[in-house]
Amino acid sequence: MGTMYKDTIAAIATAPGNAGIAIIRVSGPDALHIADVVFRHRKIVPSTLPGGRFIHGTVVSPGTQTDLDEVILLVYRDGHSYTREDTVEFQCHGGRISARRVLNAVVDAGARLADPGEFTKRAFLNGRIDLVQAEAVMDIIQAQSDRMANLAVEQLEGRLSNEISNLYDDCLALSADFEAMLDFEVDELPESIRDGVEIKLQFIGDRLQELEATWNEGRLLREGARVVIAGRPNVGKSTLLNTLLGVPRAIVTPTPGTTRDIIEETLVLDGVPIRLYDTAGLRETGCEVEKIGVDRARNVIDRADLILWVMDGSQPVDQEELKLIKSHAGHCLVILNKSDLGTGIQEKDLNVPSIRTSLTQGTGLDALKTAITETLGVSHLDTLHAAISERHHKLLSIALKEIQTAIRTGTSSESHVIVAQHIATCAGLIGQIIGRNYSDNLLDAVFSRFCIGK
Amino acid sequence: MPSSADSASANDKVSVPFPAMNFNYDVIVVGAGHAGSEAALVSARMGAKTALVTIPESHIAAMPCNPSVGGIAKSHLVFELDALGGEIGRNADYTGVQFRVLNTSRGPAVQANRVQCDKKAYSRRMQAIIHDTKNLTLIRDEIVGLSIRKDRITGVRTKSGNELISKCVVLTPGTFVRGRIHVGDWSEPGGGNHTPSADPIGADLEKLGFRMARLKTGTPPRIKKDSIDYSKMERQDGIVPAPFFSWEVRKHAGMFHMEHSDGDQSQKDALFHVEQCISDKSPWIPGSDQMPCYLTRTTERTHAVVHDNLKRSSLYGGFITGTGVRYCPSFEDKVVKFPDKTSHHVFIEPEGRETDLVYPNGISNSLPRDVQADLVHSIPGMETAEIVEWAYAIEYDFVDPTELKASLESKRIEGLFFGGQINGTTGYEEAAALGFMAGVNAAFNAAGKPDLIFDRGEAYIGVMIDDLVTRGVKEPYRMFTSRAERRLILRQDNARYRMFEHARTIGVVDPEMIKQTERYEIEIDDEIARLHKVREGGVPLRNILAGPLKKYSDMPSHVVLDKEVIEQIEIRIKYDGYIQQELREARRVRAMDHVIIPDDLDYWVLNGLKHESKEVLSKIRPQNIGQASRISGIRPSDIALLHVHIEQRRRMKEGTR
């Protein structure tokens, strides 16, 4: 069953939003092999499992082997899946970040992103779906691709589109150089054609990397950055929330453990939408309600784009807490509050970025706001610029990989064809984003650049 | 194989002068250029009773432009044709006067052979081969119309008033359909090579509804060999021993070298009677006595001459409407479009041993004669050169190749095939490949057998035909390696392995070659397997050989194998990762090529397709999903919809759910 497709497709099967779990579905002949590559369990290798089974384990990055998320893996075999192909599903933590990481890993391991409605299409073509439903299948394909097109148009306004166009043109020009060197005799070409090829490759690689990075920023802009206020009880977390919002949203009392559930609010900081979460102070507690609050806090902290870790700066440093902070290094900003009460913790003890404030006195606030946007990496952002879709992001990151492989392969004449192939693939991928057809454009690029042919 | 109405008579080999009665043929080929010759030869060799219609016999496989065969990407076509049983490779090898290998430093995928041929010997050899081929009748006449009944071809009508009846017709009229020659502001109808154009066929095709348009090409003046001062030029020699295209000549050459060192004269004579017997089929020992080319450059004065007289050029004076070839630009184009370049190469290439003309490659133009003379005389070494034939541009009709199926049969008229320049291509090699495939499929069609189609992942021929029938042409189409997505598996060195099954299907190659290919393939596999197994210092030999600059002869243990086998082992091991990846990709794409779109599908009633997609799909009418996906502007979602629709239709027809 389901052997007509030779390639394996993958997509996030759950709707975007803040659901508890997200599902990544992988379907096709290599599905189980891909699971073997990205999924780790103490004993079990996914491809040895019979159909209809699930196991709990970890998804790792195929390259670096670092852990990405804890997941439940479901295995479908022998035509019992939705598409009637071998299928695996990863159930990971909700939210886009976790799901995207798993999807990336799966694509890195050899799957390709599914086209709109492709799972349903396969289900139909493999006989899973009734003939009566064929029209509905076509509607699904149609609707999904329209939505994608609209999204793409919206997202590709202004500078971003220009930038990708420029990048495409540069990549096409470089590709034309390489192709001309393959398709024409050396004596027909200008000697300068070989000049700076490595630099040009590097330049394209750098810009692709930058663009890829803006995707992350773009997501922050679209969905709002998740900024979580965390710390021990009674250090001023809720005061920080109220101060940033400019309104007394959270109840503030001198009693530790006042905040039990998570408070979520949105605000815009320097043009960046932020979803701010105030959490229960982290401590061991016998109170059942507070315990649930602490668990939820931990959960939110794990998925944060930025953690504002509030500490009482007038107290000496707590090594346990410091360990916790360091485990979040990279997206954690420490706020040494209560500076009006004296200095206990020294910045140098921390080894993570920190800001000294007195929230009750209102000092250090401006520095804090700047630090937030800077740490999020969006301070220099112009909002039109940075919004690209997941699909575009995927195309860009594959394009980036192609260029990096080209750079690694080197530009000796023996490897020329291989490098040319990578550049061509890269140009083709970038072209897809802006709706340009590489095979239509290549020869134009060659003949507009060189006077060749006898 | 196709049966002939009356059994093939001895008469077949003789030209039939104005026959008073109608003949029956399986396949009639119209035009005997590079496409027509291949079409007629393969069709006849496959057993189809074949007629080849041409006006003057001397025009068989004529080379009205540069008398060279091969070059980058074109060489790949020639190797593929040779592996399938085409004639072009042998013809070039036997009549070549200079042999070269291009792109040697860029790896095996883009390496290419190029042969400078003796144009008279080239044509004469092809004539001799045609005369000696069974089932093939040469008819000297002109075709004035096609006979059609119920959208099926039934034959052709000739100028002498005959109607020739056949099951299939292959049209290979080259640049002759409504051809028009331009020299400056002067122009007249003509098909090039001083022959009249073929206009009635053009009118007939138009009446039948074929979409047609005009293209333009050109050729440089021809110079008297002895009127050039070669001391001012750089000499370029061919390489020895000569690299050959064809299996046949390679086989003889291999024996020759072996025997040569052996010194046994009697055995050598026995083996080399073909080469030693000077005939039209083998005018000299292939590769022997090569002739040099010379390189010179245009000067600032050359460019000034063109600038000052631009308005008098056919091209820039507004006398030509057809689209020209960008990669074979006329000299006016080079000067106008690249003003920064103050000098261009000119290669003085021999046209053959008997002729006293040379071909100055690089100065094709459509300037008036007096300007041409100034232009030529401004080039170092040609100050007093004598121009014997003038440069000209030629405009001609071509038929939009999206009118054709991948078999090269027209979608409008069953049994009517097109091959060569009429399909919008340029180059002898492209023409030969198209003619060959049209001939193969016409012969199969006449015999009621299925089409033979190559996909993009297995042959340059497949890439070219798919490009033509899927995307159409806006300018004369030339083969480039960049048109092939999978260059690392489409190499010229492995053409015989790639084409093996197809060669067997067609059935016209030397059985000895088939046997040898089979044997080689086994030897290659066995040796690669051994290299995987045997280790040196714990490392498999295969991995050592995969390293840079490593050769098979460096291996601590090796087997005695033919040079060609060793070359395959080295390439396959060195590029293994890439080759595997391309093979996977090729398989993936191939799956889509196997989903056939019904001929009668009405795109307009298909819900969900964008209007533009319906329009372009209705025009091109792709034969399968893979082809549809390669049409410019068609989106993945269109293909998904199409696929679901086809499956829906199929299940409804089958009455299953």
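B:Pro241 sits in the loop between β14 (234-236) and α6 (247-262) of chain B; helices (H or I, at least four residues) and strands (E, at least two) are DSSP runs, numbered from the N terminus. The peptide bond that leads from B:Val240 to B:Pro241 is cis, with omega near -5°. Most residues other than glycine have a negative phi, and most peptide bonds are trans.

The model is predicted: local features need pLDDT of at least 70, side-chain atom pairs count only at pLDDT 80 or more, and totals for chains, interfaces and linings use all residues. Residues are numbered from 1 along each chain as its sequence is written, while chains are lettered from A and ligands numbered from 1 in the order in which they are written.

B:Arg178 is not a glycine, yet its phi is positive, about 50°. B:Arg178 lies in the loop between β9 (163-171) and β10 of chain B. Is B:Arg178 buried or exposed? B:Arg178 is buried, because 22 other C-beta atoms lie within 10 Å. The rule is that a residue is buried if 20 or more other C-beta atoms lie within 10 Å of its own, exposed if 12 or fewer, and partly exposed in between, with C-beta atoms placed from the backbone. In chain A, A:Lys338 has a positive phi of about 60° and is not a glycine either. A:Lys338 belongs to the loop between β12 (332-337) and α10 (347-350) of chain A, and A:Lys338 is buried, with 24 other C-beta atoms within 10 Å. B:Pro339, by contrast, counts as exposed because it has 10 C-beta neighbours inside 10 Å. The loop that holds B:Pro339 runs between α10 (331-337) and β16 (345-350) of chain B.

The next subject is the division of chain B. Chain B has domain 1 (10-63 + 123-213 + 399-501), domain 2 (222-235 + 295-395), domain 3 (510-569) and domain 4 (594-654); these bounds come from an automatic or database domain assignment. Taken over C-alpha atoms, the centres of domain 1 of chain B and domain 2 of chain B are 31 Å apart. Between these two domains, 15 residues of domain 1 of chain B are in contact with 21 residues of domain 2 of chain B, where contact requires that the two C-beta atoms, placed from the backbone, lie within 7 Å. On the side of domain 1 of chain B that touches domain 2 of chain B, strand β10 (residues 180-183) of chain B gives the most, with 4 residues. That side has 3 nonpolar, 7 polar and 5 charged residues. Here Ala, Val, Leu, Ile, Met, Phe, Trp, Tyr, Cys and Pro count as nonpolar, Asp, Glu, Lys and Arg as charged, and the others, Gly among them, as polar.

Strand β10 of chain B also belongs to a sheet. This open sheet has 4 strands in the order β11-β10-β19-β12 (chain B), with antiparallel pairing; two strands pair if DSSP finds at least two bridges between them. β11 (186-189) and β12 (212-219) of chain B each have a single partner strand, so one side of each is left without a neighbour in the sheet. β10(B) and β11(B) are joined by 4 bridges and run antiparallel. B:Val183 is opposite B:Trp186 in β11(B).

Another open sheet of chain B has 3 strands, ordered β3-β5-β4, and its pairing is antiparallel. β4(B) pairs with strand β5 (residues 112-117) of chain B over 6 bridges. In β5(B), B:Arg114 is the bridge partner of B:Arg100.

What lies in the interior? The largest nonpolar core has 189 residues, and B:Val169 and B:Val170 touch the most other members. Such a core is a set of buried Ala, Val, Leu, Ile, Met, Phe, Trp, Tyr and Cys residues joined through C-beta atoms within 7 Å. Its largest share, 13 residues, comes from helix α12 (residues 428-446) of chain B. Beyond four places in sequence, the contacts of B:Val169 include B:Ile28, B:Leu146 and B:Phe417. Another core, of 52 residues, lies apart from it, and A:Phe119 is among its members.

A:Phe119 is also one of the buried residues of α3(A). Helix α3 (residues 118-125) of chain A is mostly covered, with 8 of its 8 residues buried. Just after α3(A), A:Gly127 has a positive phi of about 85°.

Finally, the two chains meet: 39 residues of chain A are in contact with 44 residues of chain B. α4(A) supplies the largest share of the side of chain A that touches chain B, 6 residues.
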